[in-house]
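Here are my notes for your first look at this model. Please keep the structure open beside them.

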Amino acid sequence: MKRKVLSLLASLFTVVLLVSMAQASPETAAAAQDSASAGIVGSWLSIIPPLVAIAVALIFRQVLFALFLGIWSGAFLAGNLTFTGIFTSFFTSLSGYIVPATADVSHMSIIVFTLLIGGMVGIITDNGGTRGVIRAITRYVRTKVHGQLVTALMGFIVFFDDYANTMVVGNTMRPLTDKLRISRAKLAYLVDATAAPVATVALVSTWIGAMVGFIADAEAKMPNFNESAYSVFVNSLPYNFYAFFTILFVILIAWSGRDFASMLKVRINLYKAKHDPKLDTYNLWKGKIEDDEKKQKVTHWSNAAIPIITLIAGTVVGLIITGEGNSIQMIIETADSYQALLWGSLLSITVAIIMSLAKKLLEVDEMLEGMMEGMHTMFDGLLILVMAWALSAITVELGTADYLISVFGETLNAYWLPAIVLLLSALTSFATGSSWGTMGILMPLVVPLAWEIGNNTGLPYEITHEIIYASVSAVLAGSVWGDHCSPISDTTILSSIATQCNHIEHVNTQLPYAMIVGTLSILGMLGMLVLGIPWWIIYPLGVAIIVAIIFKFGKIPDPQDYAPEGEEAAITSLD
């Protein structure tokens, strides 16, 4: 299988090379170069870089290598299409794309924010506060089901930003879920699935400003359309099936205690790892863990809770300070979310330092060591994140989204439009690894298209507005769906960082769950617009289907079934 895929990729690359060499012959090199590069933009060749990155990442489980190959192939296509271009694009990959990805202010804000969060987590772990929180929670949380439900609940509480949600919940709950023997993959799913979906439907969040801005840009191309952008967003909420179905799926899968597909396999491997150290990837069964935990410092839960609360409160205050307007929503819409996140993370690590030193929980050297160790855990994921940004920039330069739109452009129909847009948005987000980028690209194109189709076909005013609302939600939902499935997505990568889960393992285990919800979302969109089924019927039907799937295919494996033959398992079931 691997050889076939590699052969296919090599063949594609060879075709591009031969065509480019033919176009760039010595007689016409200068003229052919510009025409060759221009011919690639928006063509099928523009999807090669993300396809290379995704295929290599999924097959070989080497994300950094895969991303660099994707960037390299994109730099070649966007640059000098000659034999020497293969070598020059190797260096351009770094100087022209990877380095600029870190130079972007918003990207650097996320990097610094992530490092500060990691440093804060390192401090509150070493000062005993994290274990104090776990001890306090474990008085009420003693089973896997309780642990998963609490994790999901925390995801709903930190609703205002997906990045803050991921980093806070992932880092806070990881020690508890490890103790409950909940797989890192399951934790990563719970964190990832309650981050962006919650942020896209929250009436007040850092996403709202961007989403309303995208809708406003679209409305500028729609003559005689006078509804406010925020009102359009609110009216589009019932059509965001992916967000609501994902939230329901998370709650039901956590409450049932069941798993299926690749997530079940990972869970079974965790039970087997009790007796096979080779399978204990995250050292969750290591014999010395219990002894080490007894030696670890345990202090009052407030030593961790206060810095975390400071992070949340500081971010909210930052949003208020940087925003303008007479209402909370207007303030959030105009706020600088990146600056607010930086302020919140800086305040949180400062509070953690002051509390640790003032209470003499840690010496200065111990505090600095804990901070640096916490930051160090973020480095691998940040490298992936930077390279994912670089690849995303290449897809924009090559017009990958334009090509995907052109493929579906001939099939658009008024009532089928939202469902098609949902799929197109998911494909674009999956290929580019950016939900926000997908929204920014598609929203100004899709919403005016829905308006024009409605006007040109003589649809009633109310129906046209309904299609516009559904199209807005289709872009938002599809962006998050593709984001959840893509190994080069920034939020998916951050979820792996926060939970310290192998990134490809997180992608592989989340994919089946996301695909089920995404398929239901397309069916829901078709049922509502094509068949005319009311939303208040579609949602209960969706819940019933999700419940049926979970209880039909989901299983609760017994840990004792995976003990070596002839040996009595000593695993205590926490289900």
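1. Basis. This is a predicted model: local features need pLDDT of at least 70, side-chain atom pairs count only at pLDDT 80 or more, and totals for chains, interfaces and linings use all residues. Residues are numbered from 1 along each chain as its sequence is written, and side-chain values use heavy atoms, with hydrogens and water left out.

2. Main core. The largest nonpolar core holds 81 residues. Such a core is a set of buried Ala, Val, Leu, Ile, Met, Phe, Trp, Tyr and Cys residues joined through side-chain atoms within 4.5 Å. Buried means under 20% relative accessible area, exposed over 50%, and partly exposed in between (1.4 Å probe, protein chains only). Tyr 189, Phe 249, Phe 260, Met 443 and Met 525 have the most contacts inside this core. Its largest share, twelve residues, comes from helix α24 (residues 461-485). Apart from this core lies another, of 69 residues, including Ile 40 and Phe 76.

3. Helix α24. Helices are DSSP runs (H or I, at least four residues), numbered from the N terminus. Of the 25 residues in α24, 21 are buried. The expected span of a helix is 1.5 Å times one less than its number of residues. For α24 that gives 36 Å, and its end C-alpha atoms are 36 Å apart, so the two agree.

4. Tyr 189. Contact means heavy atoms within 4.5 Å. Not counting residues up to four places away in sequence, Tyr 189 touches Phe 249, Val 250, Ile 253, Met 263, His 506, Gln 510 and Tyr 513.

5. Ser 46. This residue sits in the loop between α2 (29-40) and α3 (48-60). Is Ser 46 buried or exposed? Ser 46 is buried, with a relative accessible area of 0%. Beyond four places in sequence, Ser 46 touches Ile 40, Leu 398, Gly 399, Thr 400 and Tyr 403.

6. Leu 279. Look in the loop between α15 (261-272) and α16 (289-295). Leu 279 is partly exposed, at 33% relative accessible area. Past four places in sequence, Leu 279 touches Asn 269, Lys 272 and Ala 273. Val 266 is 13 residues from Leu 279 in sequence, and their C-alpha atoms are 9.9 Å apart.

7. Tyr 415. The loop between α21 (400-408) and α22 (417-432) carries Tyr 415. Tyr 415 is partly exposed, with a relative accessible area of 33%.

Definitions and conventions
Helix = DSSP H or I, 4+ residues; strand = E, 2+ residues; numbered from the N terminus.
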